[in-house]
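Me: Please show me the structure, and then let us discuss it by question and answer.

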Amino acid sequence: MKLHTHEWGTGDRVALLVHGIMSDHRTWRRVGPAIAERGYRVIGVDLRGHGESGRGAYGAEIFADDLVETLPVGADLAIGHSLGGMALALAVERLAPQRAVYSDPAWTLGAEQSVDPAVFVEFQRATRGIIANFNPRWEAADVDIELATLAAWDTDTALGLSGANAVDRTPAAKDRPTGRRSTRPGPPSAGT
């Protein structure tokens, strides 16, 4: 599926941004422009079932295939957060970015230390107060974006990664171009 994209900047270098579950390209509202200011054309996607992208069947490999269908090969930088990190890792060989950054990647679905993605379905009903309490340093605009991305999110995406589909997809160290970053980025980092 061709995904909805949003671009910041017109630089000669290309950066790709892939959001986490329950989010869309809007969660990169600060990151996209900041990277663009450094001479990049930044492309943020809305994964299938998120934002303005289409709906359909859901699964880790499907998310990865959509990235390959939509994004240019050979970007200078690709950043994937959570679900986006897992999808990027599954597509990285085909996308062949010069550098890939995995922020809090959801590789270990189903592992003992992980949470079944089905629990995220309940977050779609989160209120402004709940979101603000979870993220006390967020600006009002960040909370607004979180509420908007939740409203535009198909909860079936979480179910497509749940149960028998919740498997460990951690890439072998040799397959990770730049390694794994497991710290959570600062606001806005909507979704997981």
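This is a predicted model: local features need pLDDT of at least 70, side-chain atom pairs count only at pLDDT 80 or more; totals for chains, interfaces and linings use all residues.

Reply: Residues are numbered from 1 along each chain as its sequence is written, and side-chain values use heavy atoms, with hydrogens and water left out.

Me: In β3, which residue is the bridge partner of Glu-7?

Reply: Helices (H or I, at least four residues) and strands (E, at least two) are DSSP runs, numbered from the N terminus. Strands β1 (residues 4-8) and β3 run antiparallel and are joined by five bridges; two strands pair if DSSP finds at least two bridges between them. The partner of Glu-7 in β3 is Ile-43.

Me: How many of the seven residues of strand β3 are buried?

Reply: Buried means under 20% relative accessible area, exposed over 50%, and partly exposed in between (1.4 Å probe, protein chains only). Strand β3 covers residues 40-46 and is mostly covered. Arg-41 is partly exposed, at 26%. The number of buried residues in β3 is six.

Me: With which residue does Glu-7 form a salt bridge?

Reply: A salt bridge is a side-chain nitrogen of Lys or Arg within 4 Å of a carboxyl oxygen of Asp or Glu. For Glu-7, the closest N and O atoms of the pair are 3.2 Å apart. The pair links strand β1 with strand β3, 34 residues apart. The partner of Glu-7 is Arg-41.
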